[in-house]
Structure formats: structure tokens, C-alpha cells
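The following exercises concern the structure shown below.

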Amino acid sequence: MPDAIAKVTLKVTVNGKLHALDVEPRMLLVEMLREQLDLTGTHVGCDTTYCGACTVLMNGAAVKSCTMFAVQAEGAEITTVEGLEKDGQMHPIQKAFGDAYGLQCGYCTPGLMLSTLQLLSTDKQPDEKAMRKAIAGNTCRCTGYQNILKAMQFAAQNMKGA
Amino acid sequence: MLFQLGDDAKLLAGGQSLIPLMKLRFANPTHLVDLNFISGTSFIREDKGTLRFGSLTRHAEIENSAIVAKVPILHDCAAGIADVQVRNRGTIGGSLAEADPSGDWAVVLSTLATEVRCLGKHGERAVDLQDFIKDAYTTDLAHNELVSEIVIKMPAKGSGGAYLAFKRAAPVYPTASAAVQLTLDGNVCVEAAIALGCVGLTAIKAGDAEAALRGQSISEKTLSAAAEAARAAADPQSDMRGSADYKRTLVGALVRRAIDIAVRRARGGRVEVSHIYA
């Protein structure tokens, strides 16, 4: 085993709240979120940069949090699935995934919702091609994706004028 | 910093290849130097007939750049790499420095006049891309150098290009890919550059396929001759993505399609390319 690694202080805003955390430089962003902040909505699926279950937004851009070190988020704003609801109200994207039956086991859903959020923040009325492209990095083994696309459409409608 | 840390240090750009390699313990650097916080390393500039990319320019920035839209083959490449999440992090300089045999950028940039600027202790030197990539995962970079900039000569007027990759799913490397950049004078192809990806240890410049087009009128016959020469130039290995024979056939078909799209673009047509999923 290597010697204990000196921790460094990381300042990062997660879901609107600024944190100062002591982390090992080798710690992955997803481990920091799940283990230091107990934000276990961000999932680890493949841990090989394939499945997208660990997708979070960093400064508005979707990233795979298993493929970044926590220290690389220094000064950044991270949004996880826990950051979607406001004042006990589900986010329009969350509501849409429920209404359209866009999930079954739910493991991939947090990642898919954040990929949807990045898409809808730049393209308010995406066509099917844009939606498929936006979630090409998110693997779902239950739904066959049809209801996910429907949920994304519902979400775009829900967010109209937002 | 690299001068102090020695050759066990590695540079971290977008990390979309290096971090997975570290998890698998294929890469085990003692020190990792993160380049992401250095300002001024991400830019796209048009400058006296060239396009200049800062080494840490993300694939997504290239995909969405209005300047890059003028050179469609570059957009094809950037927009087709992996998925949104990887494109948001991965960088053009990192991709070239990694020199993965399945990487996209080296294939596309082999069809354009591309210079890689390498920055070291004694200043900057410009290396032609063909000399920069030596072998699989091996470049001309010294351990204490880094890629600072990628400089591409803007293609001539009447030139068109296309890049096609065949992938089993978005996040994976292609099974095979083909890049074609050609210049037309009427219906005659006056210049052609063709490169093949994932069918050798590095991107393969298909010289015979280029020769099959150069000076010829564009026709079914010349397209077939170029595709056939590309198949012959490929040197694929059988692996989980397909047998060597399959990849050889595939790369020929991709070259044929890419020529067709490049020709239409050279004639001023707007053709949208999307990478092909099996």
C-alpha cells in the first residue's frame, strides 16, 4: 500500500451550496459526491466512462463524474439529481420522467435527467435527432429508450416559458 | 514542473482516456500534472489561412464553433467523438498526445496539412503531424514537452472533406473510420488525401487510394478503385470489434461513402454526416 496521501482542500459549489472539503487528490468526483457529501443519487454504473449513470453538470455542462478527479471541480458549480427539486417541488424534468414512464429500475435515470437538462438549457425545442444525440452517452438497460424520449419531449413542454 | 518531476509524471488534459487507463492500472504515473487550470490554452482562431486550436480546446467547443463549420471534416470529427459528456471534457491536444490507435483526430488531421506545436524548456518547435505520431501510444513529444497548439492549413477553395466512423455505440471507439479531403476542378479530382482509422497501429495514409483519385474524373469506376486501394492499405487486427476481414471490407465501404460526401461538399453542397451505429 502506498503511504497515506496528503489531503488537499477543495472548494466547490454543489447544488447551490459552497463546500470546503478535504479530499485526496486521487479521489474521483463521483466518490466525493457520494461518500463525502452523501449525495448518493449520482450512481456508479460501469466505472469505465461508458454508461453515463454518474452524469452530473459542471458549470452547466454534462460530465461523467467517474472520469474526473474531485480536485478538478475546484471553483466549479456542480449540479446533481438532488439539486433538481426546488422547495419540495419536483423539477419539470423529474415530473416528465414519471408522467411518461421514462424509467423502470431507475438506476440510469439521474444521469439521463442531467443530460436532458444540459440539452434543454441550450435547445428549448429539440427534435428527436437532437434528443437521441444528447443521451447517446447514457445507457438504459430497461426501457428501450422510447419512453425516455417521450419524457424528454414532455420535459421540453413542461419547461416552455421557464 | 515536468522538469522537476521526471519521466514518471504525466500530463492530464481532458482525462477521458488517461483516467480510464489509470483505473485499469495500465497507466500508473507517480505524478499527474493537471493542465486544465492554465488559462489561454483553449481557443479556436482563424489566422492567415490557418486554423489554430489551443491544445486544451474541448471537442464540444470545436463541434459548436462557427469558424470550424467552414471545414466540415473537422466538425464531422468533433461532433462524432464518443458522447456529449466526453466531448465536454476531452481535448484535441490530449487526443493527439495520447495517440490511441483508435483515436479520431489523428485520422482526420492526417488529411489536412497539420502542424503540432510542442512546447518545452527550450521553446516551441513545430512538428508535422506525420512525424509527430510515431506508433501506437507513442509520439515525438519528449517527457518534458507538451502540445501547445495545433495549426491546420485551411483547405483550398473547391476542396471538400468528410469523416465517417462506424461505431457499435456512441461511447466506444469506432470499429473503423475513414477521412477524405479532396479538391475538384470541374469533375476532375486534382488533389486527394485519404486516411484510415482503427485499422492499424496509427492512422494510415492510403497513398494508393489517393493516387486512384488524383487527376481522374469522379465516377463509379474511380470510387471503386480508391475503395479497393484503401482496403489493400488497411492493416487491421481481429478483436472484439470485428475480424480483420470484416474491418478491411468496412473501411473500403467507408472510404467510398466519404469520397461521395466530400465530392458533394466540394461542389458546395451541405451534407450532414452522422457516425454510423451498428
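**Exercise 1. The nonpolar core**

The largest nonpolar core comprises 129 residues, and Leu196(B), Ala230(B), Val255(B) and Ala258(B) have the most contacts inside it. The model is a predicted one: local features need pLDDT of at least 70, side-chain atom pairs count only at pLDDT 80 or more, and totals for chains, interfaces and linings use all residues. Residues are numbered from 1 along each chain as its sequence is written, while chains are lettered from A and ligands numbered from 1 in the order in which they are written.

Solution. 
1. A nonpolar core is a set of buried Ala, Val, Leu, Ile, Met, Phe, Trp, Tyr and Cys residues joined through C-beta atoms within 7 Å. A residue is buried if 20 or more other C-beta atoms lie within 10 Å of its own, exposed if 12 or fewer, and partly exposed in between, with C-beta atoms placed from the backbone.
2. Helices (H or I, at least four residues) and strands (E, at least two) are DSSP runs, numbered from the N terminus.
3. Two residues are in contact if their C-beta atoms, placed from the backbone, lie within 7 Å.

**Exercise 2. Chain B as a whole**

Task: explain why chain B counts as being as compact as a globular protein of its length.

Solution. 
1. Chain B contains 11 helices and 14 strands.
2. The radius of gyration (over C-alpha atoms) is compared with the globule rule, 2.2 Å times the number of residues to the power 0.38. For chain B the radius is 18 Å, close to the 19 Å that the rule gives for 278 residues, and the chain is therefore as compact as a globular protein of that length.
3. The C-alpha trace of chain B spans about 60 × 45 × 30 Å along its principal axes.
4. Of its 278 residues, 51% count as buried.
5. Among contacts in chain B with a separation of 6 or more, 61% involve residues 24 or more positions apart.

**Exercise 3. The side of chain B that touches chain A**

Task: describe the side of chain B that touches chain A by element and by class.

Solution. 
1. The contact joins 16 residues of chain B to 18 residues of chain A.
2. On the chain B side, α2 (18–23) and α5 (84–89) each supply at least two residues, and the largest share, 5 residues, comes from α5(B).
3. By class, this side has 7 nonpolar, 5 polar and 4 charged residues; Ala, Val, Leu, Ile, Met, Phe, Trp, Tyr, Cys and Pro count as nonpolar, Asp, Glu, Lys and Arg as charged, and the others, Gly among them, as polar.
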